[in-house]
Amino acid sequence: MFRWGIIFLVIALIAGALGFGGMAGTAAWAAKLVFVVGIIIFIISLIAGRRGAP
């Protein structure tokens, strides 16, 4: 999940450096979204792991 976030971040940086502002903004938004979803899934898995096996 975080690999996709890093890929979108690199795309945003390259697009921004080349002057593609719209595409850079979209890629940065996608990277932020993927990172937030990944962190939420990580926290949920930590909480679920502490409960142990039923």
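**View 1. Helix α1 and the nonpolar patch.** Helix α1, residues 2-18, supplies the largest share of the nonpolar patch, seven residues. Helices here are DSSP runs of H or I with at least four residues, numbered from the N terminus. This is a predicted model, where local features need pLDDT of at least 70, side-chain atom pairs count only at pLDDT 80 or more, and totals for chains, interfaces and linings use all residues. Residues are numbered from 1 along each chain as its sequence is written, and side-chain values use heavy atoms, with hydrogens and water left out.

**View 2. The patch itself.** Look for Trp-4, Ile-6, Ile-7, Val-10, Ile-11, Ile-14, Leu-18, Phe-20 and Met-23: together they make a nonpolar surface patch with about 890 Å² of accessible area. Val-10 sits in helix α1 and is partly exposed, at a relative accessible area of 40% (buried is under 20%, exposed over 50%, partly exposed in between, using a 1.4 Å probe and protein chains only).

View 3. Gly-5, Ala-12 and Ala-15 are the buried residues of α1. Seen down the helix axis, they fall within an arc of 95 degrees, so they line one face of α1; the arc is that of the directions from the axis to the C-beta atoms. Turned away from that buried side are the exposed residues Arg-3, Leu-13, Ala-17 and Leu-18.

Definitions and conventions:
Patches are made of residues with over 30% relative accessible area and no salt bridge: like charges are joined within 9 Å, nonpolar side chains (Val, Leu, Ile, Met, Phe, Trp, Tyr) within 5 Å. Accessible areas come from the Shrake-Rupley method with a 1.4 Å probe; for residues, only the protein chains shown count as cover. A salt bridge is a side-chain nitrogen of Lys or Arg within 4 Å of a carboxyl oxygen of Asp or Glu. Helices (H or I, at least four residues) and strands (E, at least two) are DSSP runs, numbered from the N terminus.
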